[in-house]
Amino acid sequence: MTATDTYLLLRAFCDELARCGMEDACTAPGSRCTPIVLSLVREERIRCWSHIDERCAGFFALGAGKRSGRPVAVTCTSGTAAANLAQAVIEARHARVPLIVLTADRPPELREVGAGQTIDQLKIYGDAVKWFFEVGVGDATPAALRFVRTLACRAYWTAVEGPPGPVHLNFPLREPLVLDRPLPLPDDDTGRAGARPYVTFDSGGPGAPAGGAPPSGRIVIVAGSDRDAASARELARFAARTRIPLLADPLSGARRGEAAVAHYDLLLRDPEFAAAHQPQVVIRTGDLPTSKPLRAWLAGLETAQIAFDPDGAWHDPDAVVGMRIRAPYRALLGDQELRTDGDWFASWCAADEAVAGAIERTLGDELSEPLVARSLGKWLAPNATLFVASSMPVRDVEEFFAAREEGPRVMSNRGANGIDGTVSSAFGALAAAADEGPVVLLIGDVALAHDIGGLLAASRLRLALTIVLLNNDGGGIFHFLPVAGEADAFEEHVATPHGLDFSRAASLYGCAFVRAETVDALRSAVETSLAGNATTIIEVRTDREENLALHRRVADAALAALRTVAG
Ligand SMILES: Cc1ncc(C[n+]2csc(CCOP(=O)(O)OP(=O)(O)O)c2C)c(N)n1
Ligand SMILES: [Mg+2]
């Protein structure tokens, strides 16, 4: 990483601030902040107001922002300089004034080692800012340039939307802090065409989003985890009515109806299918689904991607979303008649059906992890809740759950993807709505061991949870990752087999325990547990290597099935 990288990234950042509408910025002198100050000054669309004292700079920016209603940037060097902006930041928060604070900092290797003018600047303004972000240091690759563009947009839109207020970005900067030659020309081409910001933002007022005709042609909807069950139903109806393929994670509640494409994870593993099905518009709702092939496909599309989220959540690790709308999809699209492509729709549906057939044939009726996930999706009543643990259970549910008009509600702790606390969360879901229907927990052995103490809720709180335990004696997920090849440490330190006999945990915590060895036995154990009033652990023993091989066989069969559809 060189000074050129730093300046290229900061130029893109300032360009983006200007595209969003920034007109004013305040600077204060220092050494570490040189790249930020010079980049702001060299951005012609932004007026820069120089100050000696950071406290004055902060309050000046506050006044400017209050008057214009637009975010004003203020930058300063590291150390107590940053602390001097605190009062203005606090005032901006309480007075609802948009402010973007850009502090310079030492890079990580110069922190807490006695380097000069270095203090802890992380979250230095506490909760007074609406958003804090530590920017990091790196090369000016196209991906990094796109990222800083989204970062500038996000800072800008966060400062103005909702109640306006301050945001804080901390920039670690490495020496050299000045360029030894001018920046290379022409400009980087990672910005959007025209003068448009990289990400526009719409707070979901009535009418179509700014500058937007209704989408048409080859559209797909990607629906991730959503808290609004009614909205998911409507989304499925909307997709069916307008004939838009609906790539719905079961966590969305929208994997239902004629438009649901249940097996996108397998479809998009096929490079030919993925390349031949490039949409013109992607509509995203809810959180981003877990599926890696789906994420990779979305990341590589040169396509308009519109994200609807009523809370304005920013789910876009690949920096590809071009429009964010802080509203449910129906606020803008619900009643629209869209001109969509019928052949396109039919082609997704036919492919999905072919893959569903390949799954059924390959899984057969031998009990396996994928078959457990698929079967629960078919068996459970619509009033049931299936709580799914992180690791393979949530992936298998996403990959293998068939679309169903009225299936169970599916939930998972996917906020931070932890395997911790899953048992307790499932009990909590049951406690909150026991009169609405039963809760079934699908969980791996490591996750169950991690929260084994959660089982105490069964007896102390008198809750009857049905726990389907996929026991492969370790973390089966890691066999799918490159680390599986590191033979010296894989088994002991990554897969972590434990040899636990969960029947003993069941008796310790007063739960029933059954081991199921066939699909029929599993089904009847689940039904018995659902009809009873005791928490039951139903164990299905599997083998991690065989599980990996089975997943591969399914993927191969899906590919072969797609070839027959295409041919
Ligand atoms: C709190 C927490 N610690 C560690 C991890 C990393 N991790 C992800 S999956 C996994 C193994 C889970 O094993 P298991 O529950 O048996 O499911 P399987 O992989 O066998 O399907 C671990 C340790 C995590 N996600 N969360
Ligand atoms: Mg396991």
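**The ligand sites**

Modeller: D445 is buried, at a relative accessible area of 1% (buried means under 20%, using a 1.4 Å probe and protein chains only). This is a predicted model, where local features need pLDDT of at least 70 and side-chain atom pairs pLDDT 80 or more, while totals for chains, interfaces and linings use all residues. Residues are numbered from 1 along each chain, chains are lettered from A and ligands numbered from 1 as written, and side-chain values use heavy atoms without hydrogens and water.

Colleague: Which protein donors does the magnesium ion have?

Modeller: D445 (OD), N472 (OD1) and G474 (O), lying 2.0 to 2.2 Å from the magnesium ion (ligand 2). Donors are N, O and S atoms within 2.8 Å of the metal, or 3.2 Å for Na, K and Ca; water is not among the atoms, so sites may look incomplete.

Colleague: How are the donors spaced along the chain?

Modeller: As D-x26-N-x1-G. D445 in helix α16 and G474 in the loop between β16 (466–471) and α18 (490–495) are 29 residues apart; helices (H or I, at least four residues) and strands (E, at least two) are DSSP runs.

Colleague: Is G474 buried or exposed?

Modeller: Buried, at 4% relative accessibility.

Colleague: Switching to ligand 1, what does D445 do there?

Modeller: An N or O atom in the D445 side chain is 3.1 Å from an oxygen atom of ligand 1. A polar backbone atom of V446 also lies 2.9 Å from an oxygen atom of ligand 1.

Colleague: Which helix supplies the largest share of the shell?

Modeller: That's α16, with three residues.

Notes. Polar contact = N/O pair within 3.5 Å; in protein donor to acceptor, adjacent residues only side chain to side chain. Buried < 20%, exposed > 50% of the residue type's maximum accessible area, 1.4 Å probe, protein only.
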